Structure formats: structure tokens, C-alpha cells
Amino acid sequence: MNVSWRTLATVLLEDEVLDKAFSRAKKAADRVDDPDRIFRVRKQMTRMVQTAADIIATEFQELVSAWPSLDQSPLFDVAMIDACVGCDEYRKNLATLQWAAGQVQRIASQNAKKIIRTGRTDLMHEARREAYGRISSVMRQVGPSLAWLSEARETLKRLPKIDPVLPCIVVCGAPNVGKSAFISALSTGKMEVNHYPFTTKQIHVGHFTHRRLQYQMVDTPGLLDRPMEQRNHIEMQAIAALEHIGSLVLFLVDESESCGTPYAEQLNLLEEVKTLLPDTELMMVSSKADLLHPRPAMWSEVVEAETAWREAGAEGEPMLPLLLDHADRVSISATENIGLDAMRLEIVRRVKSARPNNPMELPEGWYRQDV
Ligand SMILES: Nc1nc2c(ncn2[C@@H]2O[C@H](COP(=O)(O)OP(=O)(O)OP(=O)(O)O)[C@@H](O)[C@H]2O)c(=O)[nH]1
Ligand SMILES: [Mg+2]
């Protein structure tokens, strides 16, 4: 299961939970109707105590079961949770709510017994007041956990949504080399915009589908585009998390240097990325081919092959010629839409060879019944 933080309900804070519980309890008591005064008060007081506890316990139990359990989450999600908010705190605060749910129920049943056993209405009121006091004191203890979870939800909502079962292409390179433009040009449909909570930059997640298998592409602005010594611990953890989802790393270089980073420096970064993600296949891609002087010799050959393939319905997996530049590097132009179809097919081939027995993929001409 993929974490979907956006669908989690808002976390109510201490006072909000108490207000909700006590006002529902009051309404429940107001509905009690009994001509006998003692019976009426007894019913009112037990209803109040039990309703207040039920509202709180349900609130907390629903929250605890809606939030992903770390033991059952994909490694990428766990690593991201750890990087963004900390797994220990995450576990501890959910456990606190679980404890509080049990605690308020216990208080309610103890005090309901007191109410039922007495015939004196003043003692009934007294037992109700005592229950409210004890419940309020439990709530004061969980206040910090609720505040923490509320903030964690806001933080985690900004994370990119990635399905760990599907191939994922991690796109990196120095700032401004054209990562976002590349993902956008390769994507069909709308690109999602998200954030890593610790960078201010927008990250883009794009998708394309090939033979019914969806390929995800993620941007890494501010994550892999700076020298090691400028990164903090949290970013390093986020980078480590990429290792769990990346089927392929594409490293974009901008030889035109219109990005502002000298080419030699971009190559240093490339070496660093290789050491950061040692187990993921890496492919270097030269961006902004339209800015190269002279243009790659194969320019028109690639334009013709890609146009013909698209006009024929973009079927199958032909070996479209990749746009190679003067140094035989695979290149693309996102703005001119050149080399992108060939690139997409190359990605498919590389992902396939990296995960040879992909259960999600069917042979050509086969169709899944359930889609
Ligand atoms: N000529 C040309 N310009 C391009 C191409 N791709 C991107 N650019 C331009 O390069 C600039 C940076 O592109 P982005 O896609 O934002 O680069 P980025 O790597 O995502 O940048 P950050 O997210 O800031 O690291 C923009 O002004 C783009 O228009 C291309 O293929 N050709
Ligand atoms: Mg970008």
C-alpha cells in the first residue's frame, strides 16, 4: 500500500477533542427523558461519561488505524517518514493515542459504576465531575502528541506520491539543467507538483505508460544537485530513500552551460551521485541539444524516425535511433521535442533489463483481464 497522506483527516488538537466530546455528551444527556428524578439523573450522568469517553476513544482509534503502520510500509515511505518527522517519534505519538483511548474508556466504566450504585443524585453528579476531571487530565497528557501528529501530517502531505511497485526513474543533475522540463516533456497527462519538506523547491512527478505498465519519473531539485558538504543529515536520508525506489537514475548534463554550472563541475556531481546511489543503474543524458553548436549530426534522422513512429501510432518497441551528440552522449531537447521518444523507449529497455522478471508486465499482444 502506498501512503496517501492527503487523504488523512485533520488531526484535532487537545481542546478541539475535548470540546467535541463534552458537547456531544451534553446533547446526549439532554435527550434523556424520565419522569423519575433519580432515574433521570442517573441516566444523564452515565450517558455523559460514556459518550465523552466514546467520542475520544473513537477519534483516537480511527486516527491510529488510518495512519500507516511502519511495519507494513514500503522502505521508501519508512525512509521518508524517518527523514521528515522521525520514525521513533511517529511510533511513540501514535502509541500515546492508543493508550489514551483505553484510559478514557476505563475511567468511564469505573465512574459509570459509581453512578449506577448510588441512589443519591449529588453523588451521581460528583462521579460525573470526577470522570470529566480525569478525562481532561489524560487529554492534557496527549496534547503534545496531537500537536506533533498534526504537524507531521502537514509535512508528510508535501511528499511526492510514489508507488513502490512501479518502475521509478530518478532524474537528477545540477540546478537548471532542465530536469523539470525533461520530466514534463516525457509525461503524458498532468504532472504532479510536490515538495520534499526540507527544500523550498517544487519537485515534479511525471508518468508515462508503456504496454500498460506505468513508469514514474521523479525530480530531485535541491537533493542531488549540491556538493555533499552542503547537505544536512535529513537530506542524506532522503537520498538514501531514493535507492529504494529508483529503477534507473538519469543524470542530466547541460553542456551549453546555460544552466550556470560549469560542465566540469557537473561531472564532479555525477561522480558524487554514483557514490550516493551505488546500486541503481545510472545513465547520463545531455540536455538542451538545441543549444549545441553545431547541432548533433543525427538531428534530422532522429526527427524523421520519431515522427514516422508517432504517425504510425507509437506502437511496439522499435530501436528508434537515439540522438547522439559529438561525443556520442545520448542527448535530448525538451523544448524542441527531439530525442524524447527514443529516450522513452531506452528507459523501458533499461528498466526491463534491471528487473528482468517483472510480474506487472505482459508479453506483447497480451492483455490483462482486470483492467
Ligand atoms: N533551449 C532549451 N532550454 C531548455 C531545455 N530544457 C530546459 N530548458 C530551459 O532551462 C531552464 C531550466 O529548466 P528546468 O526544467 O526548470 O531545470 P531544472 O533542472 O528543473 O531546474 P531546478 O529545478 O531549478 O534545478 C528553463 O529556462 C528551461 O526553459 C531545452 O531542451 N532547450
Ligand atoms: Mg526543476
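The legends below describe close-up views of a predicted model. Local features need pLDDT of at least 70 and side-chain atom pairs count only at pLDDT 80 or more, while totals for chains, interfaces and linings use all residues. Residues are numbered from 1 along each chain as its sequence is written, and chains are lettered from A and ligands numbered from 1 in the order in which they are written.

**View 1. The largest nonpolar core.** This core, a set of buried Ala, Val, Leu, Ile, Met, Phe, Trp, Tyr and Cys residues joined through C-beta atoms within 7 Å, holds 90 residues; buried means that 20 or more other C-beta atoms, placed from the backbone, lie within 10 Å of the residue's own. Ala52, Ala53, Ile56, Met80, Val104, Ile169 and Val171 touch the most other members.

**View 2. Surroundings of Val104.** Leaving aside residues up to four places away in sequence, Val104 touches Ala53, Ile56, Ala57, Ile135 and Val138, where contact requires C-beta atoms, placed from the backbone, within 7 Å.

**View 3. Domain 1 (5-157) against domain 2 (168-354).** The bounds come from an automatic or database domain assignment. Eight residues of domain 1 are in contact with eight of domain 2, and helix H3 (residues 75-84) gives the largest share of the domain 1 side, seven residues.

**View 4. The shell around ligand 1.**

Key
Buried ≥ 20, exposed ≤ 12 C-beta atoms within 10 Å, placed from the backbone. Contact = placed C-beta atoms within 7 Å. Helix = DSSP H or I, 4+ residues; strand = E, 2+ residues; numbered from the N terminus. Near = placed C-beta within 6 Å.
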